[in-house]
Amino acid sequence: MRSRPFLSMLCTAAMVLLAAAVPTAAHADNPIVQTVYTADPAPLVYNGRVYLYTGHDEDNSTYFTMKEWRLYSSADMVNWTDHGSPMSVATFSWAKSDAWAGQVVNRNGKFYWYVPVTNRSTGRMAIGVGVASSPTGPFTDALGHPLVENGEIDPTVFIDDNGQAYLYWGNPNLWYVRLNSDMISYSGGVNQIPLTTAGFGTRTGNASRPTLYEEGPWVYKRNGIYYNVFAAKCCSEFIGYSTAPGPTGPWTYRGTVMPTQGSSFTNHPGVIDFNGNSYFFYHNGALPGGGGYTRSVAVEKFSYNADGTIPQVTMTTSGAPQNGTLNPYVRQEAETIAWSSGVETEPSTEGGMNVGYLENGDYIKVKGVAFGSGATSFSARVASGTSGGRLELRLGGPTGTLVGTCTVAGTGGWQTWTTVTCPVSGATGTQDLYLRFTGGSGYLFNVNWWQFAGAGSVR
Ligand code: FUB
């Protein structure tokens, strides 16, 4: 029996209210994911795309009840493709719970995902390593046991220019090991980074934690400067950062990257450069039903100051600007989404994910779609275990200009796929495309992928 997730119901209710109050053009693009609650962003740039690894806060969660990690990717920083859950607590036979904040790095054609989980036999937090030959997984346990375990969390991995890799982690302390080139063993023992107030700022009112460092380190190097961006103070956290002349310090506290904002008492940084721009990922409680245990990842674009210091970044609902456009004349996954209302995703029998649980009025926004001189038809891969509905193609908003409507009939099953095609008129230039799902009551149909055809495709 398919049941509608709580988050989806809340989103739909909130969006109905919002639609009445806000012009459709003002639809937000932050948080990045609306289909589930996500936390602890860990972006990776690979082969012209940003792969965004996240945690997954369960609906109605009242603690960090996290069973799996999720993955999204984008080539333009606004349209994000859902890749489902390529790794979970169950990947690690020795772990029992707590799929908390990790990071993926790429080396020697493999992808290593360092994560904190609770070790079943010791009851302590430990760092495990997943490995895959593709950024989308599937990831398997690289070791069959923890890489390192001292009851502390939040691994970040950085590979220096000379090839030496470092794994840092910790709350309440800050630790590192020198990883060997196999990325799944280390040499030289476990080292502790001294948490001095010069290095990590001064916290008042907590004698046992005199510095601002709390958790969630994100270590990287840029233009010869080593950065450690971290969740600071508690609670609520803000994001602070320190710099150093080398990977092991000495660290100097540099101030605030993101002040305390956003109705989640934790925050978590992820910093990348992509296509000539710099981006800061974080999480907040901005979705309907959101809060400290129902968080959502978001992103802002920023520019380093000339001396390499990081300016203060503020949470927005608009997010980062689009970097490029989306080509509608090649197959696009239906789960490539800038914003959605009432939509869920699930694994498809045809591979990858499909969107589903679609009800009357639900929609998907795809931002900056380059129709060029014009589209003449639209095809979509659909399935319906009921009697289907209509897939409306609208421009500029969920009730914007209608440029085509595909009728979807029942196919005999939610994973019984067929392709429908319908004419399109008036889709030219670069537009925000809305796929709007209409019909009777209950679930209408699922969509796996879509593609336009027409004069605009000859480019
Ligand atoms: O998401 C669980 C924990 O909350 C993370 O490991 C911490 O960084 C905090 O965000």
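Colleague: Does Pro-172 count as buried, partly exposed or exposed?

Modeller: A word on the ground rules first. This is a predicted model, in which local features need pLDDT of at least 70 and side-chain atom pairs count only at pLDDT 80 or more, while totals for chains, interfaces and linings use all residues. Residues are numbered from 1 along each chain as its sequence is written, and side-chain values use heavy atoms, with hydrogens and water left out. Now the general idea: buried means under 20% relative accessible area, exposed means over 50%, and partly exposed is in between (1.4 Å probe, protein chains only). Pro-172 has a relative accessibility of 38%, so it counts as partly exposed. Pro-172 sits in the loop between β13 (165-169) and β14 (175-179). Pro-172 and Arg-209 are 37 residues apart in sequence, and their C-alpha atoms are 7.7 Å apart in space.

Colleague: How should I read the strand labels, and in what order do the strands of the sheet with β13 and β14 run?

Modeller: Helices (H or I, at least four residues) and strands (E, at least two) are DSSP runs, numbered from the N terminus. Two strands pair if DSSP finds at least two bridges between them. Here the order is β12-β13-β14-β15, an open sheet of four strands with antiparallel pairing. At its edges are β12 (156-159) and β15 (186-192), each pairing on one side only. From one strand to the next the twist averages 20 degrees; axes are lines fitted to C-alpha atoms, for helices over the stretch in contact, and angles run from 0 to 180 degrees between N-to-C directions. β12 and β13 run antiparallel and are joined by four bridges, and Phe-158 has Tyr-166 in β13 as its bridge partner.

Colleague: How do I read aromatic pairs, and how many does the count come to?

Modeller: Rings of Phe, Tyr and Trp (its six-membered ring) pair if their centres lie within 6.5 Å; planes under 30 degrees apart count as stacked, over 60 as edge-to-face and the rest as tilted. By this rule there are 38 aromatic pairs. One of them joins Phe-64 and Phe-265, a tilted pair at 5.9 Å centre to centre with 55 degrees between the planes. This pair links distant parts of the chain, 201 residues apart: Phe-64 is in the loop between β2 (49-57) and β3 (68-74), and Phe-265 in the loop between β19 (252-258) and β20 (270-274). Phe-64 is buried because its relative accessible area is 15%, whereas Phe-265, at 24%, counts as partly exposed. The bridge partners Phe-158 and Tyr-166 also form an aromatic pair, stacked at 6.4 Å centre to centre with 15 degrees between the planes. Phe-158 is buried at 7% relative accessibility, and Tyr-166 is buried at 6%. Ring pairs also link Tyr-53, Trp-69, Phe-92, Trp-94, Trp-113 and Phe-139 into a cluster.

Colleague: Which residues are around the ligand?

Modeller: The general idea is that a residue is near a molecule or strand if one of its heavy atoms lies within 4 Å of it. The residues around the ligand include Phe-64, Met-66, Trp-100, Glu-215, His-268, His-283 and Arg-295. For polar contacts, look for a pair of N or O atoms within 3.5 Å; within protein, one must be able to donate a hydrogen and the other to accept it, and residues adjacent in sequence count only if both atoms are side-chain atoms. A side-chain N or O atom of Asp-40 is 2.5 Å from a ligand oxygen, and a polar side-chain atom of Asp-154 is also 2.5 Å from an oxygen atom of the ligand. A polar backbone atom of Ala-101 is 3.3 Å from a ligand oxygen. The ligand taken alone exposes 270 Å², of which the protein buries 99%; such areas come from the Shrake-Rupley method with a 1.4 Å probe, and for residues only the protein chains shown count as cover.

Colleague: Which strands stand at the edges of the five-stranded sheet, and why is one side of each left without a neighbour?

Modeller: That open sheet has the order β25-β28-β33-β30-β31, with antiparallel pairing. β25 (339-341) and β31 (401-408) are at the edges with a single partner strand each, so one side of each has no neighbour in the sheet. β25 pairs with β28 (residues 363-370) over three bridges in the antiparallel sense, and Ile-364 in β28 is the bridge partner of Ser-340. Within β33 (residues 430-438) lies Thr-438, which is buried at a relative accessible area of 4%. The Thr-438 side chain makes a polar contact of 3.4 Å with the side chain of Glu-392.
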